[in-house]
Amino acid sequence: MTSESTAGSTDQYTFQNPVTRFESITPAAEHTAEPGLESDLEPRADRGETSYRGTGRLKGRKALITGADSGIGAAVAIAYAREGADVAMSYLPEEEEDAQTVKELIEAEGRTAVCIPGDLKDAGYCVSLVQQAVDGLGGLDILVNNAGKQVAVESLEELTDEQLDHTFKTNIYSFFRVTREALKHLQPGSAIINSTSIQAYEPSPTLVDYASTKAAINNFTKGLGQQLAPKGIRVNAVAPGPIWTPLQPSGGQPAEALPEFGKATPLGRAGQPTELAPAYVFLASSEASYVIGETLNVNGGMPSP
Ligand code: NAD
Ligand code: MG
């Protein structure tokens, strides 16, 4: 099956009003268990399953995506496969069901999907993940550091050492470790893309640990971008605004904030994961050959530096 046949009659190229492209959702003020599962997400999110249309922009590329089982990572995995790439997927073992759904969508495009469950807090997994991806794909030329942990806490006094450690190990240590290992394999022309956040510059008072890691990711992107540019490897970031993914109802937001999620953006609604995919495709593709150290904001219109 080709992406032309997989996509429905409306795709990301269809002329449409961004205000009404997706409905404004009002999720229930209830928490689900962590890590959030796509299969529990209500209302369901749009990862582009029936709408993303590929045009061969990543033909023959080999991509490793962390957090590829759900949310933004799943939307990127689906888009990359439809653009012609093979994809290795990192995710937590308890997310196997979500990962299998994405694997089937990748394989429906005739592309290879390699499933590599594990915990990115574990330095050993960060190394073995890259090795397994290279073995399974026969090389590597795109790395998307996208996994993230976000748990809202009312006050700094309530922030446990355990959460502080887990947030930093997942959101920033793993970016250093996985990227360092990947550099053994990335050739000139390769691209690294990091998922940061609007939280890097507009931290919520309940997300001081998470937001700090996102500011670190922006800085890491700009510094490493300069370090690797002479080698022909481009490093960039994508900074999503409020996107409806399993991260949010599983503790990412205080429960009482969920019904209003995304409504304060100029577009007046939360974003859907598939709206992020074109940014990750652009930064991975050779179209972006002169784009380095950039953070591409995809946030419904919130001003960013
Ligand atoms: P998501 O829950 O669907 O994806 C996050 C993924 O991170 C999980 O699926 C999981 O596989 C992975 N992960 C978390 N801890 C891990 C660990 N210890 N080991 C291995 N994998 C682990 O949520 P999402 O919103 O799609 O998040 C993707 C990225 O986007 C994150 O970096 C997040 O910070 C960022 N982001 C999201 C939003 C938003 O509004 N949803 C906004 C800005 C930035
Ligand atoms: Mg998940």
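This is a predicted model: local features need pLDDT of at least 70, side-chain atom pairs count only at pLDDT 80 or more; totals for chains, interfaces and linings use all residues.
The side chains of K149 and E34 form a salt bridge, with nitrogen and oxygen 2.6 Å apart.

**Salt bridges**

Side chains of opposite charge can pair when their charged atoms come close. Across the whole structure, a search finds 13 salt bridges. The bridge between K149 and E34 links distant parts of the chain, 115 residues apart. K149 belongs to the loop between β4 and α5, while E34 belongs to the loop between α1 and β1. K149 is buried, because its relative accessible area is 15% and the limit for a buried residue is under 20%. E34, at 46% relative accessibility, counts as partly exposed.

A further bridge joins D86 and R111, whose closest N and O atoms are 3.1 Å apart. D86 lies in strand β2 (residues 86–91) and R111 in the loop between α3 (96–107) and β3 (113–117), so this bridge ties together parts that are 25 residues apart in sequence. D86 is buried, with a relative accessible area of 11%, whereas R111 is partly exposed at 25%.

The bridge between E107 and K103 has a nitrogen-to-oxygen distance of 3.0 Å. Both residues lie in helix α3, four residues apart, which is about one turn of the helix. E107 is partly exposed, with a relative accessible area of 37%, and K103 is also partly exposed, at 21%. Elsewhere, E38, R47 and E49 are joined into one network by salt bridges that share partners.

The three pairs described individually are listed here.

| Salt bridge | N to O distance |
|---|---|
| K149 and E34 | 2.6 Å |
| D86 and R111 | 3.1 Å |
| E107 and K103 | 3.0 Å |

**Cis peptide bonds**

Most peptide bonds are trans. In this model, however, a cis peptide bond joins E34 and P35, with omega at about -5°.

**Aromatic pairs**

A pair of aromatic rings is described by the distance of the centres and the angle of the planes. The search of the whole structure finds two aromatic pairs. One of them is formed by W244 and F261: the ring centres are 6.0 Å apart and the planes stand at 55°, so the pair is tilted. The pair links distant parts of the chain, 17 residues apart. W244 is in the loop between β6 (234–240) and α7 (248–252), and F261 is in the loop between α7 and α8 (277–284). Both W244 and F261 are buried.

**A negative surface patch**

E154, E157, E158 and E256 form a negative surface patch. Among them, E157 is placed in the loop between β4 (142–145) and α5 (161–182). K149 is also in the loop between β4 and α5. E157 is exposed, because its relative accessible area is 73% and exposed residues have over 50%. K149, by contrast, is buried, with a relative accessible area of 15%.

Technical notes. Residues are numbered from 1 along each chain as its sequence is written. Chains are lettered from A and ligands numbered from 1 in the order in which they are written. Side-chain values use heavy atoms; hydrogens and water are left out. Patches are made of residues with over 30% relative accessible area and no salt bridge: like charges are joined within 9 Å, nonpolar side chains (Val, Leu, Ile, Met, Phe, Trp, Tyr) within 5 Å. Accessible areas come from the Shrake-Rupley method with a 1.4 Å probe; for residues, only the protein chains shown count as cover. A salt bridge is a side-chain nitrogen of Lys or Arg within 4 Å of a carboxyl oxygen of Asp or Glu. Lys and Arg count as positive and Asp and Glu as negative; His and the chain ends are not counted. The place of a charge is taken as NZ of Lys, CZ of Arg, CG of Asp or CD of Glu. Helices (H or I, at least four residues) and strands (E, at least two) are DSSP runs, numbered from the N terminus. Buried means under 20% relative accessible area, exposed over 50%, partly exposed in between (1.4 Å probe, protein chains only). Rings of Phe, Tyr and Trp (its six-membered ring) pair if their centres lie within 6.5 Å; planes under 30 degrees apart count as stacked, over 60 as edge-to-face and the rest as tilted.
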